[in-house]
Amino acid sequence: MTLNILTMKKRILYTLCLGVMMMIPCTGIRGSDNSNVPFAIYFEDKTMRLDYFHSGNSDQEHFAVDRIVSDGKWAGSKTLLNDDLNLGLYRFEIFAKENDVLLFSEGFASIFGEWQTTGEAKKEWGAFHESIRFPWPKKPVKVVIKKRNNLNRFAALWNTEIDPGSRRVNPEDLIQANNIFTVMENGPTEKKVDIVVLGDGYSKEEMGKFRGDTQRLIDAMFNVEPYKSRKADFNVRAVETPAPVSGVSRPHFGVFKRTPLSVHYSSFDSERYALTYDNRTVRDIAAAVPYESMIILINERTYGGGGIYGLYASLAADNAFSDYLIIHEFGHHFAGLADEYYTSQVSYELDEKIAVEPWEPNVTALLDKDNLKWQDLVKPGTPIPTPWEKGAFDAYSISIQKERQRLRETRAKEEVMEALFQKEKEKEIEMFSKMKYAGAAGAFEGAAYFSKGMYRSAINCIMFTRDLTFCPVCQRSISRVIDRYTR
Ligand SMILES: [Zn+2]
């Protein structure tokens, strides 16, 4: 689950403040291009981590530096330094202070960016801790954080300068006390996607279980394309953080705990949205190994998790659908994929026309139906939009959502919920198999929490249902991100 798309609705409704943001000058800064500077001339083989507080409300946002520290060896590519994927609600860019040459850039999303679209942000201020990580510059740099404006183009929001030789920059690596273990090692970090797996709510006695859960869920993910074919492009390492108690906070169930990573269900008051806001602690723990991507296993059976592009994917390790959860949430986190579903509790009826194309690669507002972003995958003669039996699907899916809500309200056992999801999955697969355009690429209405006006590329996908297969568009989007780290 992710709420990225909701930010788009916010942009439609609250363009005024974004208009102000767009007026922030960024003169003197060379625009983004696809060039990449020689790594060794500008950077040390080390990771700089800028920790900052991101605060605001529904109308405004502010940044304040917390600290600048070392996160150990640089795990990313040393040749592809400028991110040309154009993903994420935000983007940061690092420029050489002496001549404004673009040295590094990366798209990302954040918990603040999602929180800003909630009702709570209309009533009060919030502050979230965030980090951006980039190769350690040899000379002073300018850091610019950008956000998409009402046209979905990046505009500068905040900037700061960092002199790596100054007293405010701490170059010492953190001395790590936690045990680490390797799940999969396929080559040098700079040529591989490096994933770190953390666990929360695992007691000291459950470290064996954490190792078993990690192996089982990583195996499940690499059993699905495109990860299956590209397994050799990944390294996976895990860090143990034994907790004093077993399990994590589940506020909707009246359960509260204090655990090392502070993962909790009920994020944004959604009972299944399980995140940690303790970014500082999580980043310090993750820095025990080189990484670009992060998975947090939650030692719980209660269905839930979350995935934020560039931050982490989290999931309940003991749920009967944990295989689905890791693949789906990692899809959000790693490739910026949107949810393709639209009948769940976070959905709402679209009451205005979608004015901009979403940045997520797997959904479209179909503003230009002759130029689909996955046009090359559509067979000639496929009607756009592509017809499917939406009415029958909606009626069934909404009935399941109602039953799901009833089960949660009556605190039904998790196995009852899991049985409902299993029944739903089997019925959906049966319904889809009889549809004319099953398996074909097209533009199928209903996606990203919008029942109307938003389209997905295929009838079925793991970003839509719990069937363990990515649609061709999602597969290609994931492959492109793998390329970014391995080229
Ligand atoms: Zn998909």
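1. Phe-432 counts as buried because 20 C-beta neighbours lie inside 10 Å. A residue is buried if 20 or more other C-beta atoms lie within 10 Å of its own, exposed if 12 or fewer, and partly exposed in between, with C-beta atoms placed from the backbone. Phe-432 lies in helix α10, residues 414–433. Helices (H or I, at least four residues) and strands (E, at least two) are DSSP runs, numbered from the N terminus. Not counting residues up to four places away in sequence, Phe-432 touches Ala-438, Ile-459 and Asn-460; two residues are in contact if their C-beta atoms, placed from the backbone, lie within 7 Å. Between Phe-432 and Trp-388 there are 44 residues of separation in sequence and 8.9 Å in space, C-alpha to C-alpha.

2. On the model itself: it is predicted, so local features need pLDDT of at least 70 and side-chain atom pairs count only at pLDDT 80 or more, while totals for chains, interfaces and linings use all residues. Residues are numbered from 1 along each chain as its sequence is written.

3. Which residues have the most contacts inside the largest nonpolar core? They are Val-196, Leu-198, Ala-286, Ile-295, Ile-296, Leu-297 and Ile-298, in a core of 117 residues. The largest share of this core, seven residues, comes from α8. A nonpolar core is a set of buried Ala, Val, Leu, Ile, Met, Phe, Trp, Tyr and Cys residues joined through C-beta atoms within 7 Å. Ile-298, leaving aside neighbours within four places in sequence, is in contact with Asp-200, Gly-201, Val-248, Val-263, Ala-274, Ser-314, Leu-315, Ala-316 and Ala-317.

4. Helix α8 (residues 322–335) also meets helix α6 (residues 207–221): their axes come within 9 Å and cross at roughly 65°. Axes are lines fitted to C-alpha atoms, for helices over the stretch in contact, and angles run from 0 to 180 degrees between N-to-C directions. The crossing of α6 and α8 is right-handed. A crossing is left-handed if the near helix is turned anticlockwise from the far one by less than a right angle, and right-handed if clockwise. From α6, Leu-217, Ala-220 and Met-221 take part, and from α8, Ser-322, Asp-323, Ile-326, Ile-327 and Phe-330. By class, this contact has six nonpolar, one polar and one charged residues. Here Ala, Val, Leu, Ile, Met, Phe, Trp, Tyr, Cys and Pro count as nonpolar, Asp, Glu, Lys and Arg as charged, and the others, Gly among them, as polar.

5. The crossing of α8 and α11 is left-handed. Gly-331, Phe-334 and Ala-335 of α8 meet Cys-474, Ser-477, Ile-478 and Val-481 of α11. By class, the contact of α8 with α11 has five nonpolar, two polar and no charged residues.

6. Is Ile-180 buried or exposed? Ile-180 counts as exposed, because 12 C-beta neighbours lie inside 10 Å. The residue is found in strand β9, residues 180–184. Leaving aside neighbours within four places in sequence, Ile-180 is in contact with Arg-237, Ala-238, Val-239, Ala-288 and Val-289. Ile-180 and Ala-338 are 158 residues apart in sequence and 32 Å apart in space, C-alpha to C-alpha.

7. Gln-215 is found in helix α6. With 16 C-beta neighbours inside 10 Å, Gln-215 counts as partly exposed. Gln-215 and Met-184 are 31 residues apart in sequence, and their C-alpha atoms are 9.3 Å apart in space.

8. Some backbone details deserve a check. Most residues other than glycine have a negative phi, and most peptide bonds are trans. A cis peptide bond joins Glu-225 and Pro-226, with omega about 10°, and Pro-226 is in the loop between α6 and β11 (234–239). The bond from Ile-384 to Pro-385 is cis, with omega near -5°; Pro-385 is in the loop between β17 (363–364) and α9 (390–409).

9. Phe-268, not a glycine, has a positive phi of about 55°. Phe-268 is in the loop between β12 (263–264) and β13 (275–276) and, with 18 C-beta neighbours inside 10 Å, counts as partly exposed. Arg-411 has a positive phi near 55° and is found in the loop between α9 and α10. With 9 C-beta neighbours inside 10 Å, Arg-411 counts as exposed.
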